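Please look over the sequence and the model shown here before reading on.

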Amino acid sequence: LVARCSQELVGEGKRPLSAARRAEILQANEELAGQALRTLGVAARELPADALEHEEVDEGLEHELIFLGLIGMIDPPREEAKQAVARAKNAGIRPIMITGDHPITAAIIAGELGIASDGRAVTGVELEKQTDEALAQTVREVSVYARVNPEHKLRIVKALQSGGATVAMTGDGVNDAPALKAADIGVAMGITGTDVSKQAADVVLTDDNFATIVAAVEEGRAIFTNIRKFLRYLLASNMGEVMTMFFGVLLAKVIGLHAEGSAVVLPLLATQLLWINLVTDGAPALALGVDPADAGVMRKPPRPRDEGVITRRMWFDIFFVGFVSAAGTLAVLDASLPGGLIEGSGSMRYAQTMAFTTVMLFSLFTVFNSRSFERSAFAGLFSNQWLWGAVLLSLLLQMAVVYTPFLQQAFSTASLSFGDWLRCTAVASSVLWLGELGKLIRRARNQQAVAG
């Protein structure tokens, strides 16, 4: 604006704008910007009353202006913004400031927020001089951009994406629409945003607060983690049942499941499997869907873009839990029958009831293991009251099947003694203790990796 001015207002009079005064005004602008103030120059021009009534206004009217003054405006960041930036960085998210403000103002505010501490800010003029290759290097090093226009924002987004980053872009104006559309996640401002920006965006922020974006990331991570818990639990439980049936038939003679004639005696009846899947497993699985977020969910880096919902480590855990469940259940079955590897004296109905109860208890212990891959099951043990209610419901339903006469007839079960329940519980708890041992090893490895 100063370059378009030829005079300045002093009191009620005007005087030519000298080179020395231009330098003083620019210096004052720098000083205000150094105080983290947003600066605004004001100028005017006296024109005849009919000068703007023509259909085409001469652009030359915006020259030979009279400089009126310089305004410094404070626009402090919200109190929660600094904390939100810190949480984002801990979560592996890199905040980048793109603004139309003076570069000094932008650098100081970025420093206050913790976005960047080097005091470096790249301007739009500098961006225009850089090739795409140079810009790709710049966006890896610089987190503050000032005096930029919409074209610069679009280039920055594409440069970040070319480096493999997943980019979320915020904006509110019509000119922000291309960058919002190009970003992996476009976030429009719901209060100050234009309709065009909202239509171009994927998400509309109703309170225009950066902290809300960070909170949404945390909520999204918690939901995704709970989906994994849900799948891990159900697949591990079902894998245990499948392995129990498979190895029970395969090793029938070894464990004392004697067949009569050509008939095959199964370790579990079909009705018992359906009961476990539809009744006793269902409530705990649903309770995992509302499990509170782990305390460290925002201290982990983002997962790789090509990583599936079920990872290789999850599959290993699922098969491991399934194997332990099957081995424990068949051991209880063997110990309840005459013959086999472990001598017992019970009837087939009694043995199948013991196996039925052991499989159910394996599922209940597995649900606690499934709450986290690394955190102990005993950490925050009572934080999910819904889970405890579901576990209690499953136990009550199992006791009803074991002790209620008409349900005994429907599910071919026999009453169990207190000692029987203790044996089933002791065997089924093995999956919990083995899981705790595995988590302890993982935590030790992670600590060594961090220390290294």
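Which element gives the most to the lining of the second largest cavity? Helix H12 does, with three residues, and the cavities are taken up again below.

## Basis of the report

This is a predicted model, in which local features need pLDDT of at least 70 and side-chain atom pairs count only at pLDDT 80 or more, whereas totals for chains, interfaces and linings use all residues. Residues are numbered from 1 along each chain as its sequence is written, and side-chain values use heavy atoms, with hydrogens and water left out.

## Cavities

A search of the whole structure finds two cavities of 30 Å³ or more. On a 1 Å grid over the protein atoms alone, a cavity is a set of points where a 1.4 Å probe fits but cannot get out, and lining residues have an atom within 4 Å of a point; grid points are joined across faces, edges and corners, and a volume is the space filled by probe spheres set on the points. The largest cavity holds about 40 Å³ of space and is lined by Ala-236, Ser-237, Gly-240, Glu-241, Ser-325, Val-359, Phe-362, Ser-363 and Thr-366. At least two residues of this lining come from each of H9 and H13, where helices (H or I, at least four residues) and strands (E, at least two) are DSSP runs numbered from the N terminus. By class the lining comprises three nonpolar, five polar and one charged residues, with Ala, Val, Leu, Ile, Met, Phe, Trp, Tyr, Cys and Pro counted as nonpolar, Asp, Glu, Lys and Arg as charged, and the others, Gly among them, as polar.

The second largest cavity has a volume of about 30 Å³, and its lining consists of Arg-232, Ala-236, Asp-317, Ile-318, Val-321, Thr-366, Asn-369 and Ser-370. Two or more of these residues come from each of H9, helix H12 (312-335) and H13. Its lining divides into three nonpolar, three polar and two charged residues.

## The second largest pocket

A pocket, unlike a cavity, is an open set of points with protein on both sides within 12 Å along at least five of seven lines. The second largest pocket has a volume of about 360 Å³ and is lined by 16 residues, of which Phe-316, Asp-317, Gly-438, Lys-439 and Arg-442 lie nearest its centre. H12 and helix H17 (430-451) each supply at least two residues of this lining, and H17 gives the most, with nine residues. By class, seven of the lining residues are nonpolar, three polar and six charged.

In helix H10 (residues 270-280), the buried residues are Gln-272, Leu-273, Trp-275, Ile-276 and Thr-280, where buried means under 20% relative accessible area, exposed over 50% and partly exposed in between (1.4 Å probe, protein chains only). They cover an arc of only 155° around the axis, which puts them on the same side of H10; the arc is that of the directions from the helix axis to the C-beta atoms. Ala-270, Leu-274 and Leu-278 are exposed on the other side of H10. The buried residues of H10 pack against helix H9 (210-250), helix H11 (282-288), helix H13 (348-369), helix H14 (385-403) and helix H15 (405-411).

Gln-398 lies in helix H14 and, at 0% relative accessibility, counts as buried. Leaving aside its neighbours within four places in sequence, Gln-398 is in contact (heavy atoms within 4.5 Å) with Trp-275, Thr-280, Phe-356, Thr-357, Met-360 and Trp-421.

Three strands form an open sheet with parallel pairing, in the order S5-S7-S6; two strands pair if DSSP finds at least two bridges between them. Strand S5 (97-98) and strand S6 (122-123) stand at the edges, each with a single partner strand, so one side of each has no neighbour in the sheet. S6 is joined by two bridges to strand S7 (residues 144-146), and Thr-123 stands opposite Ala-146 in S7.

Helix H5 (residues 132-141) has Leu-135, Ala-136, Thr-138 and Val-139 buried. They cover an arc of only 165° around the axis, which puts them on the same side of H5, while the face turned away from the buried side carries the exposed residues Glu-133 and Arg-140. The cover over the buried residues of H5 includes S6, helix H4 (124-129), S7 and H6.

## Positive phi values

Arg-147, in the loop between S7 and helix H6 (150-162), has a positive phi of about 50° although it is not a glycine. At 39% relative accessibility, Arg-147 counts as partly exposed. Asp-208, in the loop between strand S10 (203-205) and H9, has a phi near 55° and, at 16% relative accessibility, counts as buried.
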